[in-house]
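Colleague: I would like to learn how to read salt bridges in a model. Please take me through some cases.

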Amino acid sequence: MNLKRNFLLIGLIVILPVVTLNAQDKMALELTDLMKFRQIQSPSISEDGKWVTHASVPDRGDPEVVVYSTSGKEKYLIPQGKNPVISTNGKWVAAVHAVSAEKLIKTVSGKAGELKAGMVLLNTATGEQTNYDHIKSFTFSNDGRWLISLRSNEAGNSKEAGSSKKEKGEKENGNGAKPGTTLQLLSLEKGFTDTLAYVTSYALDSISQHLVYVVADTNNTGNGVFAVDLSDSDFSPLALFSDSSVWADYLTWNNQSGQLAFLAGTCNENGKKAGAELFLWSPGEANANVVLNDNDLEEEWTVYHTNNLRWTKDGQRLFLGIKPSSEIILPEEEKPDSLVDIFSREDILSKRTVDVWHWNDPYINSNQKKRWKSEKERTYTGIYYPEDGRFVRLASPEMPDLRISEAKNYLVGSSNIPYAQRATWDSRYSDYYLVDIRTGDKKMAIEEQQHTVTLSPDGKFLIYFKDRHWFMVETATMKSRNLTKDLEVSFADEDWDYPADVPGYRGGQWLDGSEAVLIYDKYDIWQFPTSGGEPICLTEGTGRAEKYQFRIRILDPEKRYVDSGEKLFLSAYHDLEKHTALYSMEAGTPGITPIKEEAKKYTLIAKATKADQILFTRQSYTEFPDLWVTDAKFKKSLKLTDVNPQASEFAWGDAELVKWNSIDGTPIQGILIKPGNYEPGKKYPVLVYYYRFFTNRMYEFNTVAINHRPCFPYYASNGYAIFLPDIRFDVGNPGYSATKCLVPGVQKIIDMGVADPDAICLHGHSWSGYQTAFAITQTNIFTCAIAGAPVSNMTSAYSGIRWGTGLARQFQYEKSQSRIGGSLWEARDKYIENSPVFFADRIETPLLIMFGDVDDAVPWYQGIELYLAMRRLGKDCVFLQYRDEPHHPKKYANKLDYTIRFKEYLDHYLKGEPAAEWIKTGVPYKGEKP
């Protein structure tokens, strides 16, 4: 079907007006305005609720940290600050002191790594700031009395403070470890500083009394693990484990018993880590003791030097990883030059560079390469019981994955190994096991499972979603029951339009020691008693009746259970009107209470752990999400931040909701952003931008930045309307699904008198880049089109590679986003019918294609195929190839270039401005800049 511009729309259109904050005759945004616009990052509130901090980061330029008192009386600014941290007592804020943007830009390429970030310490009582140069990481003690910081090396790559990773470019000290740097101990109460030399890592205990650290000396004389008592004024170090050729890492405190666990070992003659042992140390002991080594494990298993230690919160169990000796990759020994035989087949073949792709490999070769780093260092989780010195292996090569939790009986293990090959073209499946943490015994719980599996915090129950229903398993008896089969409402995703099995909505908040579990349908929150009683709709059906999607917002990330009677905050997204309100309810009791509701989007950020102060944001298309603080009842709210006061100077435009029906009668919604300084009756050029569902962004403040996405206020302030239509897909016909939603929506905004019918551009990127390329083979309603990273030929893209993961793209067509629903051989006609390149002869719309030539998601030759097809057919097409760029341009120069060309293209085709030379004649290749 070829849909022309005179398409007549039959259906009801409803426009919902939104109150605007814009006045007339405001300014247009320039590109430099976008560069200077700031975003809020790393917001936090102090434990006592008296201080709030965040980083204010421009798109281009220097960041800054801002600190506010929640009373509104004090405000401090830390220039070049980022990643702020508030001490537990609220008396101090420490932040990264970033290298200035100007210095980074001026630094000769290749030497930027020599620039070092620092640290700034702010006293919240006085506002006094102290700068420290060359700081790699820092942390406050839990009592707020100490600030511990580790210096960067004088040479090596630049690292932001806050990172504890070792720096590249540092010479090894002969035992396989890179030499440490200076650790600075600052007493915030007494104001004195002490230092420790050659430190590589450190850890403070939970009561802020003991600091342990690892030393890697340049001459191997003082290597080991040491402890200092912070209450001892002379800081005399105690050697917990030391030797000239030792390495140590993974310092992990037990917050209940006060014990320290760490791994340590010696290095071989080549300076490589030769093995690992588990050490425990308790304050007061003269040294650390080995509690686990290879002799304590099953034969052929070893404690591996790359690991992760974790104590349970009750302090009774320690998780760590072990590894079969057969899986350890040893470096090949180089032969001395004197032994080289130039005719040796073995020596010659040792330099070969061939990959073998076998049809029966579990993972295809490209995916194996991406997985190799993690697989090479993979360990299998076990558990150490310090009380009786017992170790139990829980995971295995047959069941490699284990979810660690606080449960004292069972944990959930899983394996995707039986389905690894199938994942190339199908969904992701795993078998799930219940693992007895006391014995390591496993029993199969769920086979061939795709969707959510959740264990209760006490390990007594397991819930999972399958075949459109929620099930519960009692772990002790393995008895299973269907929780939702007798309820009339659906718990499966009601908007699902993919070929894969339908998932459910989230579940898994547990009530009062697993007495009940809370599960969502699309709109409401349900409580299912684990004893088998009747389920309760806690939101009393209000969500479904009034189209609110209620979701619980837990502000304490450490909380394992929801207490009965506890006040819970809810977000309430209105599925039709698109605003997000705040409600509350009491856990376990039906009924909800509104807190904040208007044509805005409210988001809870954090709650002070020792006070009732809550941090939240409020936003809309015209309101930036500044930070607000309020009490627990939301009676007194104070706006703390005004990060972008200049926003009020610009012609932002107004957003309103539009409704129409698709060609086949399906109700569709979209957002129409009218231009800044809009004049009723005047017709405007329109940029149509879309993907799948965009109307949930109705009350979101659009990101103001230079990137591959169009900045809505930039175009609105420059005289464009922006149209954001939703798309509803049919499996098997993804291309036409977009067209049948787009065209009547565009026709309506023409009929509304807003859109100039001769000045409409269709733009999408990636999946909507494909939809754009397809739509212009079906309709001429668009004046021009811009397709970023589009698939043009599904028959060739089907067996392409997503180079970012190394995965084949077959699953994407058979089960996922591309929505064909069958293989190339089962649905050959569908692949052809949905491929723009086979219908390029129908295209009459000028097209701009953009790709990065190292695209890690869509093979960039898909752009070449469409470009060459249009070139052969004599069609108007320009292809922008950004060299050495992935799926989205990352280099600022390229992001800016694309933004400029994007607008030049629109200005020419939609406003009639003279075409830039690259549009008229292209840009001949004249070599690449060095």
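Predicted model: local features only at pLDDT ≥ 70, side-chain atom pairs only at ≥ 80, totals over all residues.

Colleague: What is a salt bridge, and how many does the structure hold?

Modeller: A salt bridge is a side-chain nitrogen of Lys or Arg within 4 Å of a carboxyl oxygen of Asp or Glu. The structure holds 40 of them.

Colleague: Which residue forms a salt bridge with Lys600?

Modeller: Glu623 does, with the closest N and O atoms 2.7 Å apart. Lys600 is in the loop between strands E41 (593-596) and E42 (601-607), and Glu623 in the loop between E43 (614-619) and E44 (627-630), so the pair ties together parts 23 residues apart in sequence. Strands (E, at least two residues) are DSSP runs, numbered from the N terminus.

Colleague: Are Lys600 and Glu623 buried or exposed?

Modeller: Both are buried. Buried means under 20% relative accessible area, exposed over 50%, and partly exposed in between (1.4 Å probe, protein chains only).

Colleague: What about Lys639 and Asp626?

Modeller: Their closest N and O atoms are 3.7 Å apart in a salt bridge. Lys639 is partly exposed at 38% relative accessible area, whereas Asp626 is buried at 3%.

Colleague: Which residues are linked in a network?

Modeller: Salt bridges link Arg371, Glu375, Arg378 and Asp401 in a network.

How values were computed. Residues numbered from 1 in each chain as written. Heavy atoms only, no water. Helix = DSSP H or I, 4+ residues; strand = E, 2+ residues; numbered from the N terminus.
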